[in-house]
Amino acid sequence: MGTPHLGDSVMKPLKGYWLDPADSPSDATPHLAFEMLGPVLIQPGRSRRCPQCGESLSLLALYRRSPFILLERYAALILEICPKCSRESDGTAGANGFVVRFAGSKALATALRTMKRHLPLGITFRATPTGEPMAKQEFDKWKRGRLHAKLGGRQISIQSESTKRRCSRCGGPWRFVGSIAEKWARRYLNFGFGYGYVFACGRECAPSSASFYWDR
Ligand SMILES: [Zn+2]
Ligand SMILES: [Zn+2]
């Protein structure tokens, strides 16, 4: 078995991991690729703007290419937030003030250097294998009562999952990357006390072929 990459889940789901905030960075899983970023001194560049209201976006979290889920083409998935639009209560993708995109190493470095950070303190995570069953039926039975933020594997959500979502650009499989919990930073996130979910095109066909929505 090779290292899993996003497109592998076309045929079978990737391994899943629970995500829990670590008490200190030293308790975090080594090389854990998922980060919620704390403040740094930035060199303000030309800000990326919210597609809905035009205000500047802040950097919320990133998933770097790692053995948890290997990205083939890009170095990372970046989750940005519009502080203004994200206060609204609509969780629908494209309308919630969150923007997720693939980034190459240059775009990642630029974002890290120039973007404002949304959280006043970074959060590091422990990743523990879920051991979830691969077969859909077994998984559906297993997941009951296990709502929890996770990385990889199959989505576990409050409302029922849509299994037929496909990339609108290339028609490729739309893959679950991970979920995050509002309770990690309740003052700074609004998911109606629920969870936010990151999806991306398994073919990594374009920087914008990724999506974020939340439910409660
Ligand atoms: Zn906005
Ligand atoms: Zn695509």
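Q: Why does E204 count as buried?
A: In this predicted model, E204 has 22 C-beta neighbours inside 10 Å. The cut-off for a buried residue is 20 or more, so E204 counts as buried. E204 sits in the loop between strand 9 and strand 10 (210–215).

Q: What makes the backbone of E204 worth a look?
A: E204 is not a glycine, and yet its phi is positive, at about 50 degrees. F193 is another such case: a positive phi of about 70 degrees in a residue that is not a glycine.

Q: Is F193 buried or exposed, and why?
A: F193 has 11 C-beta neighbours inside 10 Å. Exposed residues have 12 or fewer, so F193 counts as exposed. You will find F193 in the loop between strand 8 (174–181) and strand 9.

Q: Why is D20 called partly exposed?
A: D20 has 18 C-beta neighbours inside 10 Å. A buried residue needs 20 or more and an exposed one has 12 or fewer, so D20 falls in between and counts as partly exposed. D20 belongs to strand 1 (residues 16–21).

Q: Which residues is D20 in contact with, leaving aside its neighbours within four places in sequence?
A: D20 is in contact with F125 and R126. As for L37, which lies 17 residues from D20 along the chain, the two C-alpha atoms are separated by 15 Å.

Q: What makes strand 10 largely enclosed by the rest of the structure?
A: Five of the six residues of strand 10 are buried, so the strand is largely enclosed.

Q: How do you know in which sense strand 8 and strand 9 pair?
A: Two strands need at least two bridges to pair. Strand 8 and strand 9 have seven bridges, in the antiparallel sense. In this pairing, A181 stands opposite Y195 in strand 9.

Q: What makes strand 9 and strand 10 a pair?
A: Strand 9 and strand 10 share six bridges, and the sense is antiparallel. The cut-off for pairing is at least two bridges, so this count of six qualifies. Here G196 stands opposite W214 in strand 10.

Q: Which residues touch the most other members of the largest nonpolar core?
A: They are L77, I78, L79, V100, V198 and A200, in a core of 53 residues. Strand 9 (residues 195–201) gives the most to this core, with six residues. In soluble globular proteins, nonpolar side chains tend to be buried together.

Q: What does I78 touch, not counting residues up to four places away in sequence?
A: I78 touches L59, L62, V100, R101, A103, L108 and A111.

Q: Why does the radius of gyration of the chain agree with a compact globule?
A: A compact globule of 216 residues would have a radius of gyration near 17 Å; the chain has 16 Å, so the two agree. The C-alpha trace spans about 50 × 40 × 35 Å along its principal axes. Of the contacts with a separation of 6 or more, 69% join residues 24 or more positions apart.

Q: How many helices and strands are there in the chain?
A: The chain has two helices and 10 strands. Along the sequence they follow the pattern β-β-β-β-β-α-β-α-β-β-β-β.

Q: Which elements have the lowest and the highest mean pLDDT?
A: Strand 2 has the lowest, at 73, and strand 5 the highest, at 96. Over the chain the average is 88, and 91% of the residues score at least 70. Where pLDDT is low, the predicted coordinates should not be read in detail.

Technical notes
Residues numbered from 1 in each chain as written. Chains lettered and ligands numbered in written order. Predicted model: local features only at pLDDT ≥ 70, side-chain atom pairs only at ≥ 80, totals over all residues. Core = buried A, V, L, I, M, F, W, Y, C linked by C-beta atoms within 7 Å. Helix = DSSP H or I, 4+ residues; strand = E, 2+ residues; numbered from the N terminus. Contact = placed C-beta atoms within 7 Å. Rg over C-alpha atoms; globule rule 2.2 N^0.38 Å. pLDDT = per-residue confidence, 0-100.
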